[in-house]
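Hello,

Here is the structure I promised to pass on. Have a look at it first, and my notes follow below.

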Amino acid sequence: MDVNDLGTVDYREAVDVQHFFRDQRIEGKIEDTLIVAEHYPVVTLGRTSGEDSIIDAAYFEDLGIEIIPAGRGGKNTYHAPGQVLLYPVIDIGAKKRKDISYYIDFLETTVARSLGRIGVAAERTGRRGVWSGGRKIAFIGIAVRKWVTFHGASININNGIEAFGHMAPCGETDITVTSAKEILGYEPDMNEFKAILADQFEMDMKEYYRGAGEEKIKVG
Amino acid sequence: MEIKLPGISGRNGDAILTSWYFSESEFVSEGENLVEVVTDKAAFDIQSPCSGVLERICKKEGEKISVNDLLAEINENGSRNG
């Protein structure tokens with residue numbers, strides 16, 4: 001599967017790239033594609049962010065960090081360098097399981113297994129996202145147009161997590177956030193993790209969508 | 001033609017209607033994005049299955065909706081110029 005690493009980019013720039021790939025995928029001009037990126041510090045508000053999306057706006061304003069709307073599901077979250085963004089552009093309409101929850105289950109599984117491969121014990125629970133030792137380490141928020149996915153998952157690897165204490169991530173007030181760095185006590189290699197993530201994604205896609213269109217995935 | 005919420009999520013059929021891309025009396029072409037719903041961490045665009053005039057919007061923005069709920073009616077005999 002093609003993997004496009006955007007490096008560290010402004011959030012809006014990554015959205016533009018996703019829209020381009022999404023539209024190309026809808027038109028059948030490209031195969032399923034993965035985008036990975038890091039973002040300069042920003043708070044994004046998903047499509048269901050509301051009054052319950054508690055944000056200490058003054059904290060972010062003092063740091064010069066923008067709070068901007070995002071065209072994905074879910075509520076608010078925070079991005080910063082050291083956090084890996086996974087934006088799969090996948091035509092799930094071409095596969096047997098046209099089911100958004102199933103796709104999110106798959107996405108969470110891939111993230112948890114990828115974290116496991118760098119020594120971070122992570123799991124899915126009854127709540128959305130990926131968790132490690134009861135603390136949230138990855139966040140999900142996707143969008144789908146004509147059954148082609150965009151947006152995706154953000155995974156705390158080496159980023160600072162203090163900012164999450166000044167908001168209710170995903171609208172949840174009862175959670176603690178962690179990172180791979182906090183759990184491991186050192187900074188894992190970002191490029192190595194991105195490569196693992198892409199590899200795991202491809203393997204899990206075959207598992208989750210076996211016999212359901214994987215022939216459309218270009219390998220190599 | 002009746003526009004209903006399709007089954008897009010196996011876990012939970014409930015969703016929130018977040019945004020209409022058209023207003024009543026406007027002409028919609030087949031395949032255009034008609035309405036956005038949000039379900040289970042996902043924002044999902046529903047396309048119009050036909051061309052015609054958006055005659056009646058049955059669910060407002062912010063309303064909770066379930067699979068097979070009637071969202072709108074499109075008059076396929078309506079023209080772009082009314």
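A word on burial to begin with: a residue is buried if 20 or more other C-beta atoms lie within 10 Å of its own, exposed if 12 or fewer, and partly exposed in between, with the C-beta atoms placed from the backbone. By that count, buried residues make up 46% of the 220 residues in chain A.

Please keep in mind that this is a predicted model, in which local features need pLDDT of at least 70 and side-chain atom pairs count only at pLDDT 80 or more, while totals for chains, interfaces and linings use all residues. Residues are numbered from 1 along each chain as its sequence is written, and chains are lettered from A and ligands numbered from 1 in the order in which they are written.

Chain A

Chain A has 5 helices and 9 strands; these are DSSP runs numbered from the N terminus, with helices being H or I of at least four residues and strands E of at least two. Along the sequence they come as β-α-β-β-α-β-β-β-α-β-β-β-α-α. The radius of gyration of chain A is 16 Å, close to the 17 Å from the globule rule for 220 residues, so chain A is as compact as a globular protein of that length. That radius is taken over C-alpha atoms, and the rule is 2.2 Å times the number of residues to the power 0.38. Along the principal axes, the C-alpha atoms of chain A fill a box of roughly 50 × 35 × 30 Å.

Chain B

Chain B holds an open sheet of 4 strands in the order 1-8-6-3, with antiparallel pairing; strands pair if DSSP finds at least two bridges between them. Strand 1 (2–4) and strand 3 (27–28) of chain B are at the edges with a single partner strand each, so one side of each has no neighbour in the sheet. Strand 6 (residues 52–57) and strand 8 (residues 70–75) of chain B run antiparallel and are joined by 4 bridges. B:Val53 stands opposite B:Asn75 of strand 8.

Where the chains meet

The contact takes 15 residues from chain B and 19 residues from chain A, two residues being in contact if their C-beta atoms, placed from the backbone, lie within 7 Å. On the chain B side, strand 5 gives the most, with 5 residues. Strand 8 (residues 135–145) of chain A pairs with strand 5 of chain B in the parallel sense, over 4 bridges. There, A:Arg145 has B:Asp45 as its bridge partner.

Best wishes
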